[in-house]
Amino acid sequence: MQINDNVFLITGGASGLGAATARMIVANGGKVVLADVQVEAGEALATELHGKFVKCDVTSEADGTAAVAAATAMGTLRGLINCAGVAPAVKTVGKNGPHPLDVFQRTVNINLVGTFNMARLAAAAMEKSDATAEGERGIIINTASVAAYDGQIGQAAYASSKAAVVGLTLPMARDLSRSGVRVMTIAPGIFETPMLLGMPQEVQDALGKMVPFPSRLGRPDEYAHLAKAIIENVMLNGETIRLDGAIRMQPK
């Protein structure tokens, strides 16, 4: 799979991991469509990268269809990188009572249903394109989290939604093998996302020290670097890769 001259659709592409991945794609000669609910940031980055921004709620079939259509209009859609997600922190039973059901449902809807929604729509478009010499038509990269394995206190909704993304990887890869579309998942550890960078510096430093090596927060361009390797290596399929500096999360 080549990045050069191909189109890649990135959800959550306006900031954080998605933005870093978009920059990597363009630096390697690809074209990007950024699908996000952050309009101002998304439009600014799309202008910078000479790409296209589409306001997109990943849980919406109409929005997802519009984002895929925008990508196919730019050329051959070869990749979908799903970075959109939310991470609430709520205990199953807290001081104010049981975990709000709507918070749990929203988390699963965005992180899991949204991921599947975009993947199914993008895959349907990819399978209509011409195959490469290897018989490949596309690559889908989903984003889970180490919380899928090491969910902390207050992460019942987040961890379960990300564990489901891990569980989605292999059967989806098997489903799409006939079409020559690969499916991989990256499970990042503690990364420099907008949410974490909004925390006090001492909190960021403390979190970084939890990582065995390197003892720091992960950088978005390191996520993008792994995404590049996945795109280019056709044998990577149906697997989740932890990108976490060997961290294993403590209960809190």
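Select Asp244 to begin: this residue is buried, with a relative accessible area of 13%. Here, buried means under 20% relative accessible area, exposed over 50%, and partly exposed in between, computed with a 1.4 Å probe on protein chains only. Asp244 lies in the segment after strand 9. Helices (H or I, at least four residues) and strands (E, at least two) are DSSP runs, numbered from the N terminus. Residues are numbered from 1 along each chain as its sequence is written, and side-chain values use heavy atoms, with hydrogens and water left out. The model is predicted: local features need pLDDT of at least 70 and side-chain atom pairs count only at pLDDT 80 or more, whereas totals for chains, interfaces and linings use all residues.

Remain at Asp244 and display Arg242. The two side chains make a polar contact at 2.6 Å. A polar contact is a pair of N or O atoms within 3.5 Å; within protein, one must be able to donate a hydrogen and the other to accept it, and residues adjacent in sequence count only if both atoms are side-chain atoms. Apart from residues up to four places away in sequence, Asp244 touches Val146, Gly189 and Val211. Contact means heavy atoms within 4.5 Å.

Next, select residues 7-11, which form strand 1. Five of the five residues of this strand are buried, so strand 1 is largely enclosed by the rest of the structure. In a regular strand the side chains alternate between the two faces of the sheet. In strand 1, Val7, Leu9 and Thr11 lie on one side and Phe8 and Ile10 on the other, and all are buried.

Which strands pair with strand 1 in parallel? Strand 2 (residues 31-36) is joined to strand 1 by five bridges, and strand 4 is likewise joined to strand 1 by five bridges. Two strands pair if DSSP finds at least two bridges between them. Display Ile10 to find its bridge partner Leu34 in strand 2, then Val7, which stands opposite Lys31 of strand 2. Towards strand 4, the bridge partner of Phe8 is Gly79.

A crossover is right-handed if, with the strands pointing away from the viewer, the path from the first strand over the helix to the second runs clockwise.

Continue to strand 2 itself. Five of its six residues are buried, so strand 2 is largely enclosed by the rest of the structure. Four bridges join strand 2 to strand 3 (residues 52-55), and these strands run parallel. Leu34 stands opposite Phe53 in strand 3. With helix 2 (residues 39-48), strands 2 and 3 make a right-handed β-α-β unit.

**Two positive phi angles**

Now select His50, in the loop between helix 2 and strand 3. Its phi is near 55 degrees, a positive value in a residue other than glycine. His50 is exposed, with a relative accessible area of 72%.

Move to Asp5, in the segment before strand 1. Asp5 is not a glycine, yet has a positive phi of about 70 degrees. Asp5 is exposed, with a relative accessible area of 53%.

**Helix 4**

Select Leu121 in helix 4 (residues 101-126). Leu121 is buried, with a relative accessible area of 15%. Beyond its neighbours within four places in sequence, Leu121 is in contact with Glu61, Gly64, Thr65 and Val68. Thr65 is 56 residues from Leu121 in sequence, but their C-alpha atoms are 6.6 Å apart in space.

Select Gln204 in helix 8 (residues 201-209). Is Gln204 buried or exposed? Gln204 is buried, with a relative accessible area of 9%. Leaving aside neighbours within four places in sequence, the contacts of Gln204 are Leu196, Leu197, Met199 and Leu217.

Proceed to Pro214, in the loop between helix 8 and helix 9. A cis peptide bond joins Phe213 and Pro214, with omega about -5 degrees.

End at helix 9 (residues 220-232), where Pro220, Tyr223, Ala224, Leu226, Ala227, Ile230 and Ile231 are buried. Viewed down the helix 9 axis, the buried residues fall within an arc of 160 degrees, so they line one face of the helix. The arc is that of the directions from the helix axis to the C-beta atoms. Their cover includes strand 1, helix 1 (16-27), strand 4 (77-82), strand 7 (138-143), strand 8 (181-188) and strand 9 (239-243).
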